Amino acid sequence: EVLDQGYLHLLDEVYRSGEPYIGRKVAYDSGIAQAGSDPRHIVDVVFQPCKDEAGRVNGIFVQGLDLTPQVALERHLSLTEARHRQIMDSARDYAIIAFDMEGLVTLWNRGAEEILGWHETEVLGRHGEVLYLDDDRQAGRFRYTMDQALLQGGLSGERWLRRRDGERFWAHGSMAVLRGHEGEAVGYVLVFRDRTAERHASEALVQSERRLGALVAAATQ
């Protein structure tokens, strides 16, 4: 199988040149299929020339490391991440933003881009305070929200946030703690919707009720 897969040429070149060959994640087919396994392998391999006292190559030391399980896991995780990303980006009405324990953005879905105006590449690594109005930033509101979410296991509520252009909007959502395999806190995820229209409608209704109440009071006097 070495002949058929072109490795003899590499061995000859190492023998001729005296220079080692290092292959990273190269394919190798052992030709031997075991139950539940594929004969094809992904390996790191080194062909190291062996030299005599005069410096002449008199052999080649071959060392290989089978990376097949690792590569399969990487592919599985990559596919899983891609599927999760597609699901999150399909939620266009919701901003989904992940932060590390320091409050730096690690994920920013399509909904966040449409609601807030920043593209993910512009905000990765930036602090979550970028979402807050100046007064809340000065008061350390984002840090307080993270601390409370960690303490309570999650937090929900409403408040004014800001878009990229500085316009404020009324957000309704929640912050949850992300945990690792051992249950340790590894970050946060913030999910919210733009409820500005509902906020304005509610305020308009309150104003109308107040005006109506004032008219009724004036008519009965």
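**Close-up 1. Arg195 and its salt bridge with Glu198**. In this predicted model, Arg195 is partly exposed, with a relative accessible area of 26% (buried means under 20% relative accessible area, exposed over 50%, and partly exposed in between, with a 1.4 Å probe and protein chains only). The side chain of Arg195 meets that of Glu198 in a salt bridge at 3.2 Å, N to O (a side-chain nitrogen of Lys or Arg within 4 Å of a carboxyl oxygen of Asp or Glu). Glu198 is likewise partly exposed, at 39% relative accessibility. By this rule the count comes to 10 salt bridges. Residues are numbered from 1 along each chain as its sequence is written. Local features need pLDDT of at least 70, side-chain atom pairs count only at pLDDT 80 or more, and totals for chains, interfaces and linings use all residues, while side-chain values use heavy atoms, with hydrogens and water left out.

**Close-up 2. The salt bridge of Asp136 and Arg159**. The closest N and O atoms of Asp136 and Arg159 are 3.2 Å apart. This pair links distant parts of the chain, with Asp136 in helix 5 (residues 134-138) and Arg159 in strand 6 (residues 155-162), 23 residues apart; helices (H or I, at least four residues) and strands (E, at least two) are DSSP runs, numbered from the N terminus. Asp136 counts as buried at 14% relative accessibility, whereas Arg159 is partly exposed at 26%.

**Close-up 3. Glu13 and Arg16 in helix 1**. A salt bridge joins the side chains of Glu13 and Arg16 (2.4 Å, N to O). Because these residues lie three apart in helix 1 (residues 7-17), about one helical turn separates them. Glu13 is partly exposed, with a relative accessible area of 33%, and Arg16 is exposed at 61% relative accessibility.

**Close-up 4. Strand 4 and its pairing partners, strand 8 and strand 5**. Five of the five residues of strand 4 (residues 95-99) are buried, so the strand is largely enclosed by the rest of the structure. Ala95, Ile97 and Phe99 lie on one side, and Ile96 and Ala98 on the other. Strand 4 pairs with strand 8 (residues 185-194) in the antiparallel sense over five bridges (two strands pair if DSSP finds at least two bridges between them), and Ala95 stands opposite Phe192. Three bridges join strand 4 to strand 5 (residues 105-108), also antiparallel, with Ala98 opposite Leu107. Five residues lie between the strands of the hairpin of strand 4 and strand 5, where Gly103 takes a positive phi near 90°.
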